[in-house]
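Have the structure open while you read.

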Amino acid sequence: MDRFIEIDIEGRFPHYGLRQVAGSICRVPLQLPAEAVLTFEVAARAEGLAGTLPVAVESAGERLFEAELSRDTPSQTARLELPQDTTALELRVLASFGVVNWLDLEVTAPFDASVALPPRWRPPARAALESWMADVSVAAPAADRQRLLIVGIDGGDWDLIDELGEAGELPVLTALKERGRHGTLHSMFIPESAISWSSMRTGVNPGRHGVFHFLTLGSQRPASYWADLSSAGLRSIVIAVPTAKASEAPNGVLIEGWTASADRGYVHPPELQPALARAGYRPDLVHIRNPRYYAEHLRARTDIAVALMSEQEWDHAFVVFEYADTAGHRFGLRSAAWRRVYAAVDTQLGRLVAAAPPDTTVLIVSDHGWRRFAGTLNVERALQAQGVRGWSTAFRDGNIPSLYSGSRIGIGPAGARDPDRAVAALRGLRGPGGKPLVEAVLPIADVFSGRFTASTPARLLVRTRSDLRAGKRGPVVNAKPVDHHDATGMYLAVGPGIEPGAGADASVLDVAPTVLGHFGVAPSWRLEGTPIFGPAPPPGDSGDPPNTLVRRAQTGEEAQDDDAELRARLRSIGYLE
């Protein structure tokens, strides 16, 4: 299968939400390499059509293909061989039409092709960063530099990736999987993003790093493994790693994601933030229910990452794409909108890999997987139905509102209660045919260890039957299917010395020792995992990661992490109920 990667060439009609008339043209300029005739994928796309819209793709007056777009078929793609003298492609509307939300033409180049834009055109992100980069002094790279690029795909799941790959929708991931070692990356017991990404960047369980929810970031700021890379003189580019904060100030660049807001400082070094604003970069979560905005947001993040990787010296880069996960919450698995967002993630992943030097080691990881559950078990109501009261999944005390994800949930006593009765009641729950509804009930201290374990109001952790999501609302058992997180994520490693094929299962705790071992850097605290590939890091200290305990009244920045806007965004993507 040919491998294709989207390049920065795209045209759009100048108006959105307006009447399109026959003859309207969308134009994409091209400058092709002189040495070959290349095959391109050319897609005509539309959204918000009420009927059908006939269009044609043309070059220099020659019609290359026609398409009829509609609500059911909003995109049509053709593979075209373009000669060297092609200077532009045009999308022409063939008949008058009413209102359309947007209509555009996207050109995708072969994965390994060198395709330029007109000489006077500069990618907006790179142009906006030029003045900042001109003032940055970076030491020359060492001759034996061994770069490591980590790409996080929030919610990445091999079952879904393989399904889309077999349909030809994820050519980059498919090609990389053929070249690399791949396997399951297990999440923490609660497969929630804030917990798992924090464990990934610290190498310890949440009882030691203290982050149990995105809303705990105003009080807990654990250090990340790249602090040790910085101490060793290595440079990092960290973009949108959930729960990572600019205040960590690594040697290099850190751009926050998820809880970040353009209204406050979210970048290290802070001098970079005005340049990001000029580039139109937004650090926050996509909150508009339209796959088009996901694709634009995703492209903008990749533009910044590619510009920094291309113009700055770096040893380690970590870029996270949360879009497949948030699209799963908003649109549902296997929906057309979700598939389109996943395809956009694949495309931008290809751009990142292509921007790295050829000998770069690439590690793709996810914080959890995804699956469709047959129904939902309301654990609190199930206890009440058994006559056991005084236990709740909604916490009114403490620094988190709840602790749940997928088939796992935490419950805490609303007063002094005997846990043995609650454990027995949950283990005794039966569904039709006498099949147990709960697989495990564990004291939280048996799952997490460390000084922060007692900071959550949860005292018991419950794992429901594998086909049931653990929920907080509705009847005891709701038989309506629902899509949500699974505890089995994915990893894919490609690079020098890494044998392709299926690899052993690993954990999110294994990412930090993999990185430090790759660079031969000793950790400043005791790590809990082992490398996914490569050598183990040198022996380090035996303590916990440094953790900045922040009081909410200290600055406006910390208070921002628990504001109403953030809660609304988290609620809109299923992280709060």
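Are Trp226 and Phe318 buried or exposed? Keep that in mind as we go, and remember that this is a predicted model.

## A ring pair and its cluster

Here's the answer: Trp226 is buried, and Phe318 is buried too. Their ring centres are 6.4 Å apart and the planes meet at 90 degrees, so this pair is edge-to-face.

Together with Trp197 and Tyr225, Trp226 and Phe318 make up one aromatic cluster.

Searching the whole structure turns up eight aromatic pairs. One of them joins Phe214 and Trp258, and this one is stacked: the centres are 4.4 Å apart, with 10 degrees between the planes. Again, distant parts of the chain are linked, here 44 residues apart. Phe214 is in the loop between helix H5 (206-209) and strand E13 (220-222), and Trp258 is in the loop between strand E15 (252-255) and strand E16 (267-268). Both Phe214 and Trp258 are buried.

## Charges over rings

Rings can have charged neighbours as well. Look at Lys177: its charged end sits over the ring of Trp158, 4.3 Å from the ring's centre. Then find Arg371, which lies over the face of Phe373 at 4.8 Å from the ring centre.

## Helices around H10

Now for some helix packing. Helix H9 (residues 323-331) packs with helix H10 (residues 336-355) at an angle of about 175 degrees, and their axes are 9 Å apart. Angles over 145 degrees count as roughly antiparallel, so that is what H9 is to H10. On the H9 side, the contact uses Tyr323, Ala324, Ala327, Gly328 and Phe331; on the H10 side, it uses Ala337, Trp338, Val341, Tyr342 and Val345. Sorted by class, that contact has nine nonpolar residues, one polar and no charged.

Helix H8 (residues 291-311) packs with H10 as well, at about 10 degrees and with the axes 10 Å apart. H8 and H10 are therefore roughly parallel. Residues of H8 in this contact include Tyr294, Leu298 and Met309, and those of H10 include Val341, Ala344 and Leu352. What classes of residue make up the contact of H8 with H10? There are 13 nonpolar, three polar and five charged residues.

Conventions
Residues are numbered from 1 along each chain as its sequence is written. This is a predicted model: local features need pLDDT of at least 70, side-chain atom pairs count only at pLDDT 80 or more; totals for chains, interfaces and linings use all residues. Side-chain values use heavy atoms; hydrogens and water are left out. Axes are lines fitted to C-alpha atoms, for helices over the stretch in contact, and angles run from 0 to 180 degrees between N-to-C directions. Helices (H or I, at least four residues) and strands (E, at least two) are DSSP runs, numbered from the N terminus. Angles under 35 degrees count as roughly parallel, over 145 as roughly antiparallel, 65 to 115 as roughly perpendicular and the rest as oblique. Contact means heavy atoms within 4.5 Å. Ala, Val, Leu, Ile, Met, Phe, Trp, Tyr, Cys and Pro count as nonpolar, Asp, Glu, Lys and Arg as charged, and the others, Gly among them, as polar. Rings of Phe, Tyr and Trp (its six-membered ring) pair if their centres lie within 6.5 Å; planes under 30 degrees apart count as stacked, over 60 as edge-to-face and the rest as tilted. Buried means under 20% relative accessible area, exposed over 50%, partly exposed in between (1.4 Å probe, protein chains only). A charge sits over a ring if NZ of Lys or CZ of Arg is within 6 Å of the ring centre and within 35 degrees of the ring normal.
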